[in-house]
Amino acid sequence: MKKEELQTALKPIADGLFGKQGRRVYERPHFDVRPLGDMLADLAEIRPEEWYGYAFSREPLNGKFTDEQRRGWMEKALACGREYAEKICGKYRTRDPERLAECMGMDVSFPEFPEKTDRVLFAEFRVPNKICIYMDAVKKAQKLFERPGVSEVLTKELDVSGLLLSHELFHCMEEQYHEEIFTKTEKIRLWSLGFLHNDSNIIALGEIAAMGFAQEIMGISYSPYLMDVFLVYGYSPEEASGLYEEMMELAGKKNRIPIKRIKKE
């Protein structure tokens, strides 16, 4: 599939970690389904800084940026996430996500499904202090560890709900430190006319930093961005395979050639 066709087909698919799609009615795209372990192995080789193409592909203002800006912001946002992970872990002397959430005064719940939405949603933070981890997604993910090669990449010890919680905890940190944290203070000027100007936040920075934060908290070697494929696979192996193609393309990597088309793995 050509790059332009791939990007068009994937617009309705998960637009960031935890599947935060908009509400759309669309015809499902068709992709060759690849073995999950193979896809994760390929994605795990992408360095965190190399995910900038995918990270910014979900940013509403992406068309206004240069690659140099994207790379620079990627590095700074990841560093921001890691810095605040060390800050919060040092403050409370723990790296356990649930313990951190308790110390931070977060109200964490684990419902089976999100309410009043037709989106695929894995976890969410609600201002000021509520986090929901949706267990339907977690349970589907846990079953995927039985697939060949999956535990070798993610490790059998990976706590999926803990990773989701860690990601959302960063968004709480953003609210608590909004006057000083990089993801909130960094802005882009959209237009200027004399003394008037319009500066905007860059939404992608918060998501990138949350990835660096979660990676640091969980002590994993790979970027949490690959969890997009892993978690989406539990709902649609075909769409997860399409997402893999997009990630590899945007990282400048060569896709693994599928052996054959598989309707159901």
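In this predicted model, strands S2 and S3 form a hairpin, with three residues between them. The two strands run antiparallel and are joined by four bridges. One of the paired positions is Arg126, whose bridge partner in S3 is Lys130.

Ser109 stands opposite Cys132 in S3. The two pairings are set out below.

| Strand pair | Direction | Bridges |
|---|---|---|
| S2 and S3 | antiparallel | four |

In a regular strand, side chains alternate between the two faces of the sheet.

The axes of helix H8 (residues 160-176) and helix H10 (residues 203-218) come within 8 Å and cross at roughly 125°. Angles of 65 to 115 degrees count as roughly perpendicular and those over 145 as roughly antiparallel, and H8 and H10 are therefore oblique to each other. Their crossing is right-handed. On the H8 side the contact is made by Gly162, Leu163, Ser166, His167, Leu169, Phe170, His171, Met173 and Glu174. H10 contributes Gly206, Glu207, Ala209, Ala210, Met211, Phe213, Ala214, Ile217 and Met218. By type, the residues in the contact of H8 with H10 are eleven nonpolar, five polar and two charged.

What pLDDT does the protein average? The average is 88, and 86% of the residues score at least 70. Residues 12-16 have a pLDDT below 50, and this stretch has 21 contacts in the model beyond near neighbours in sequence. Over residues 19-26 pLDDT also stays under 50. For residues 19-26 the model has 25 contacts beyond four places in sequence. Where pLDDT is low, the predicted coordinates should not be read in detail.

Methods. Residues numbered from 1 in each chain as written. Predicted model: local features only at pLDDT ≥ 70, side-chain atom pairs only at ≥ 80, totals over all residues. Heavy atoms only, no water. Axes fitted to C-alpha atoms, helices over the stretch in contact; angles between N-to-C directions. Parallel < 35°, antiparallel > 145°, perpendicular 65-115°, else oblique. Left-handed = near helix turned anticlockwise from the far one by under 90°. Contact = heavy atoms within 4.5 Å. Nonpolar A, V, L, I, M, F, W, Y, C, P; charged D, E, K, R; others polar. Pairing = 2+ DSSP bridges. pLDDT = per-residue confidence, 0-100.
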